[in-house]
Amino acid sequence: MATNYPEWIWHNGEVMPWQNATVHVMAHALHYGSSVFEGIRSYVTPDGPAIFRLQDHLKRLFHSAKIYDMDMPFTQEQLSAACHEVIQRNGLEKAYLRPLAFRSLGGLSLSADCPTEVTVAAWEMGTYLGAEALENGIDACVSSWQRFAPNTIPAGAKAGGNYLSGQLVAREARRLGFGEGIALASTGLLSEGAGENIFLVFGKQMFTVPVSAAILNGITRDTLMKLARIDGIEVIERDMPREYLYLADEVFMCGTAAEITPIRSVDGKPVGTGKAGPVTRRMQELFFGLFDGRTADPEGWLEPV
Ligand code: PMP
């Protein structure tokens, strides 16, 4: 992605060459983190490329904007069409879509009524943490940085400013030689990865923390809970202490970018056998099966481009 830009981008209602979608250095969002965004994937399916849970992602984008009183100058239908268009115009198949809405030029007071600009970019994207990671898992650590308390910054909004927390967690992990960092909530209980939700497996049951644990209400998390239940795997949402990461039979992370990444150790302690366990493998099979047709799409999540 660093140098290999696609040709076209959608910006404020128009498809234009990638390099023309620019922003002024005094844009509010650049100074104060006042942006909201989504990360969405398209996959190759037997019926051609399809965008996964596009409408759910766009709903979350509008919810994020609502939390911050950000006027959206486009409708969900218009942004949906923009997402399809950037995939098509760039001839992409397995891609990552990034709709972004931000307070633009219009004042630097915190309450300034800045116009909202909206961009939709898309680029080819394989695995996020590496193909190796999907297969063999990653080594994770618990970060010394906690997630923000729920009465400070709402974790339920996918806002640019939230990712300062994610950067601290991810960069610390990388500096210490780990593949990813996991943050605790201000309660001291388990929250989520820098950019992923977390599942723990004890026996045949899957556990994940509730949305009140300062997490982003992940769409992959929701997908896995639904697929697991259809498959007869029990899923329990509950708060969990840090040490459960060490005691679980299996731990995995999930997110649009990370997909389903096994965690083979936490803080240097092996998780279970130190290899992806049977429930993690089953969830990978069910999830990736959505795209090659082995798993029935229970709610019409795939939107053909
Ligand atoms: N938590 C955070 C902080 C994230 O950035 C993401 C990625 N969007 C997730 C969880 C997973 O969310 P989703 O499955 O909707 O991509």
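A pocket is an open set of grid points with protein on both sides within 12 Å along at least five of seven lines, and its lining residues have an atom within 4 Å of a point. The model examined here is predicted.

By this definition, the second largest pocket is lined by 20 residues. V23, L30, L100, F102 and T119 lie nearest its centre. The pocket holds about 470 Å³ of space. Four elements each supply at least two residues of its lining: the helix α1 (28-32) and the strands β1 (8-11), β6 (95-103) and β7 (116-124). By class, the lining of this pocket has 12 nonpolar residues, seven polar and one charged.

The ligand site was examined next.

T256 places a side-chain N or O atom 2.6 Å from a ligand oxygen. For K158, a polar side-chain atom lies 2.7 Å from a ligand nitrogen. In the case of R60, a side-chain N or O atom is 2.9 Å from an oxygen atom of the ligand. Taken alone, the ligand exposes 390 Å², and the protein buries 95% of that area.

Rolling a probe the size of a water molecule over the atoms shows where empty space is left. Across the whole structure, two cavities of 30 Å³ or more were found.

The largest cavity has a volume of about 70 Å³. Its lining consists of R41, Y43, F52, H57, I219, T220, G255, T256 and F287. Four of the lining residues are nonpolar, four are polar and one is charged. Domain 1 (8-124) and domain 2 (131-292) both contribute to this lining, so the largest cavity lies between them.

The second largest cavity contains about 40 Å³ of space. It is lined by D249, E250, V251, P262, I263, R264, V271, K275, A276, G277 and T280. The elements that give two or more residues to this lining are the strands β14 (250-255) and β15 (259-266). The largest share, three residues, comes from β15. By class, the lining of the second largest cavity has five nonpolar, four charged and two polar residues.

Note on methods: Residues are numbered from 1 along each chain as its sequence is written. This is a predicted model: local features need pLDDT of at least 70, side-chain atom pairs count only at pLDDT 80 or more; totals for chains, interfaces and linings use all residues. Side-chain values use heavy atoms; hydrogens and water are left out. A polar contact is a pair of N or O atoms within 3.5 Å; within protein, one must be able to donate a hydrogen and the other to accept it, and residues adjacent in sequence count only if both atoms are side-chain atoms. Accessible areas come from the Shrake-Rupley method with a 1.4 Å probe; for residues, only the protein chains shown count as cover. On a 1 Å grid over the protein atoms alone, a cavity is a set of points where a 1.4 Å probe fits but cannot get out, and a pocket is an open set with protein on both sides within 12 Å along at least five of seven lines; lining residues have an atom within 4 Å of a point. Grid points are joined across faces, edges and corners, and a volume is the space filled by probe spheres set on the points. Ala, Val, Leu, Ile, Met, Phe, Trp, Tyr, Cys and Pro count as nonpolar, Asp, Glu, Lys and Arg as charged, and the others, Gly among them, as polar. Domain bounds come from an automatic or database domain assignment.
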